[in-house]
Amino acid sequence: MTWLAWRQLRTQAAVAALGVVGVLVALAVTGPYLLHDYDTVVAPCAAHGDCLAVTSYFQGLDSQLRHMCSALMLFSPVLFGIFLGAPLIARELEAGTYRLAWTQGVTRTRWIATKLAQVTLVTAVLMGLLSAAVTWWQHPFDLVNSVLWLNFDWRDVVPVAYAVFAVALGALLGAIARRTLVAMAATIVGFLGVRYLVTEYVRPILIAPLRSSLPFRLQVTGTGTEAAIGPPQLNDWVVSNQIVTGAGTPVGGSWENLGGFSVKGNGKAVLSGVGRCPNRIPVSGGPHWHAIPATNAALQRCIDSFHLRQVIDYQPASRYWPLQWSEAAIFLALAGVLAAGCVWWVRRRLP
Amino acid sequence: MSAAALETVGLGKRYLRRWALEDCTFRIPRGHVVGLVGANGAGKSTLLNLAAGLLAPSAGSIVVLGEQPARDAAQLARVGFVPQDAALYGWLSVEDHLRLGAHCNPRWDAVAAHARLAELGISPRQRAGKLSGGQRAQLSLTLALAKRPELLLLDEPVSDLDPLARREFLGLLMSTVAANDVSVVLSSHLVSDIERVCDYLIVLVDSRVRVAGEIEELLAGHHRLVGTRSTDDVAPENQTVIAASVTDRQRLLVVRSDGPVVEPEWVIESITLEDLVLAYMGQGAVRQVALPKTEAAP
């Protein structure tokens with residue numbers, strides 16, 4: 001059975017491997033140049049103190065390839081699901097060849113278990129190679145401008161787990177639908193649906209986020225005034241950021257350029273959703289009126305009078321790896337459930 | 001090995017609301033070549049698929065070579081199955097199919113399989129998808145035989161073949177079967193195929209077994225009775241009327257006799273297998289080749 005399953009899988013596996021090798025070659029050719037550029041241009045700049053021009057030059061390098069890498073890593077799990085998972089059982093049912101396979105001296109359970117094991121192994125190995133290569137290649141960029149959480153979905157271990165999940169999903173949907181094309185379409189929909197739900201609703205609370213609750217401070221920026229960000233550091237992931245009243249009720253509205261304030265000509269002001277400012281706000285014309293220190297101080301006094309607080313839920317950078325492993329574990333567990341579903345379906349519900 | 005080749009009790013298979021096979025109870029001893037006949041949709045394929053373990057019964061039970069079909073790998077290895085329209089992997093070569101069989105079956109006879117294909121002039125390099133209908137059927141049979149099965153199930157193996165290829169296929173099947181001492185169940189909707197190779201008959205009508213038994217005994221136990229129109233309408237004693245038809249001049253009965261047939265009112269004739277099958281299939285009872293101006297019987 002191992003032989004037959006591999007004989008059937010090897011063409012698709014070879015095509016997938018060819019694609020992966022192509023990517024690896026592209027990365028292997030360009031990667032050393034990036035590292036060299038980083039070592040000779042970016043790294044020494046810290047000594048001179050001015051790195052802005054150098055880093056922006058560096059970040060412009062290979063931008064096409066970088067975008068392709070992220071797109072590839074985001075889409076390849078579902079590609080594995082479509083091309084390796086969906087046809088796994090559906091094609092046998094469509095072509096009627098299951099009647100040959102299931103009447104050999106091998107049980108159906110072993111047949112499906114072998115097929116699933118092989119396709120999962122191929123998927124995990126290829127996806128793991130891709131992920132490792134892309135992570136290595138991107139390393140210099142991470143050193144320049146780390147956007148840790150933006151890379152979460154397409155780096156390290158989660159893509160491998162996504163791909164394994166997609167393959168199991170495709171296989172089960174193929175067994176149920178008995179049509180390869182239907183199974184392929186359903187795999188796309190199902191995969192994106194589960195990914196969305198987990199990303200949106202599970203990942204933020206997988207480990208209870210840290211909470212910072214501090215008095216709300218305005219800060220003056222180059223273009224105006226906005227809500228100051230509290231304790232989360234650059235590489236922390238801000239899950240939610242709210243301004244709340246002393247009673248704890250969230251205050252809506254945009255705090256960029258103080259959309260929450262409406263100030264009249266006579267200086268009377270209303271903080272929308274909260275109340276009327278007790279003090280008058282000095283008004284002067286110009287687009288950056290609120291950046292004037294006196295105005296800014298008056299706005300801050302008004303805010304203080306309401307005891308507004310800024311509540312930020314965030315995941316610190318140190319939780320990147322725990323979250324990677326947890327989310328990977330979720331998808332691998334789902335894949336396990338789907339694979340068990342496959343075995344059950346093949347044994348009990350087919351043909 | 002006293003277990004029957006195939007034994008069913010109250011066997012039934014339902015698809016949604018429709019029963020494809022219902023209330024089948026029969027027992028086929030080993031060593032027979034069984035012909036399974038019936039109209040299209042009568043349940044022949046369903047019965048064979050149940051026996052091969054591809055389907056699970058909705059009612060009753062089926063025991064193949066003393067075990068539940070497809071219960072384990074060992075049981076599967078004892079049964080050879082040639083599915084309808086020869087299910088083969090179109091993009092795999094003939095050689096690959098043989099390798100598949102060798103990897104999956106403990107008692108695989110690679111030498112015989114290669115020899116058989118060589119004899120048939122089927123190149124091992126050829127892709128199964130490029131084979132002709134007859135070659136596909138032959139490859140499928142070769143794969144089933146190379147398992148050295150104790151029971152061989154064939155689902156309409158010759159339905160796609162022209163008459164010559166049909167004859168060749170059945171001939172080869174029979175010589176192999178005789179040499180290997182294997183029980184066979186073969187379905188067909190053509191009685192002539194059955195007549196050529198089988199010694200045991202099962203007639204399926206409307207998802208039920210109408211009759212099952214050794215062909216010699218069936219032929220000896222059934223008769224055609226020809227009488228005049230005035231012959232008494234009541235069936236003769238000790239006879240079960242299977243089918244009756246009436247023409248202008250004659251009445252024709254096919255009867256099952258539980259004892260010797262002594263009926264002075266009737267002309268007693270022996271029956272052909274085809275007439276017997278048709279009588280059970282209820283297609284206007286009996287063909288009346290010799291008689292002009294036939295009328296349909298009620």
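Biologist: Into which domains is chain B divided?

Modeller: Chain B has domain 1 (30-57 + 66-206) and domain 2 (217-281), with bounds that come from an automatic or database domain assignment. Before we go on, this is a predicted model, where local features need pLDDT of at least 70, side-chain atom pairs count only at pLDDT 80 or more, and totals for chains, interfaces and linings use all residues. Residues are numbered from 1 along each chain as its sequence is written, while chains are lettered from A and ligands numbered from 1 in the order in which they are written.

Biologist: What makes up the contact between domain 1 of chain B and domain 2 of chain B?

Modeller: Seven residues from domain 1 of chain B and six residues from domain 2 of chain B. Two residues are in contact if their C-beta atoms, placed from the backbone, lie within 7 Å. On the side of domain 1 of chain B that touches domain 2 of chain B, the largest share, three residues, comes from E8(B). The centres of the two domains of chain B, taken over C-alpha atoms, are separated by 36 Å.

Biologist: Why is Ala42(B) called buried?

Modeller: A residue is buried if 20 or more other C-beta atoms lie within 10 Å of its own, exposed if 12 or fewer, and partly exposed in between; those C-beta atoms are placed from the backbone. Ala42(B) has 24 C-beta neighbours inside 10 Å, so Ala42(B) counts as buried. Ala42(B) sits in the loop between strand E3 (33-38) and helix H1 (44-52) of chain B. Not counting residues up to four places away in sequence, Ala42(B) touches Leu204(B), Val205(B), Asp206(B) and Ser207(B).

Biologist: And why does Arg91(A) count as partly exposed?

Modeller: Arg91(A) has 18 C-beta neighbours inside 10 Å, and therefore counts as partly exposed. You will find Arg91(A) in helix H4 (residues 87-95) of chain A. Helices (H or I, at least four residues) and strands (E, at least two) are DSSP runs, numbered from the N terminus.

Biologist: How do you know how H6(A) and H10(A) cross, and what is the handedness of the crossing?

Modeller: Two packed helices are described by the angle between their axes and the distance between the axes. Axes are lines fitted to C-alpha atoms, for helices over the stretch in contact, and angles run from 0 to 180 degrees between N-to-C directions. For helix H6 (residues 108-144) and helix H10 (residues 320-349) of chain A, the axes come within 9 Å and cross at roughly 150°. The crossing of H6(A) and H10(A) is right-handed. Among the residues that make the contact are Ile112(A) and Leu116(A) of H6(A) and Cys342(A) and Val346(A) of H10(A).

Biologist: What makes a set of residues a nonpolar core?

Modeller: The set must be buried Ala, Val, Leu, Ile, Met, Phe, Trp, Tyr and Cys residues joined through C-beta atoms within 7 Å. The largest nonpolar core has 144 residues, and Cys342(A) and Leu153(B) are among those with the most contacts inside it. Helix H7 (residues 158-177) of chain A gives the largest share of this core, 15 residues. A second, separate core of 14 residues includes Ile243(A) and Ala298(A).

Biologist: How many residues of chain A and chain B are in contact?

Modeller: 15 residues of chain A are in contact with 21 residues of chain B. H1(A) gives the most to the side of chain A that touches chain B, with three residues.

Definitions and conventions. Left-handed = near helix turned anticlockwise from the far one by under 90°.
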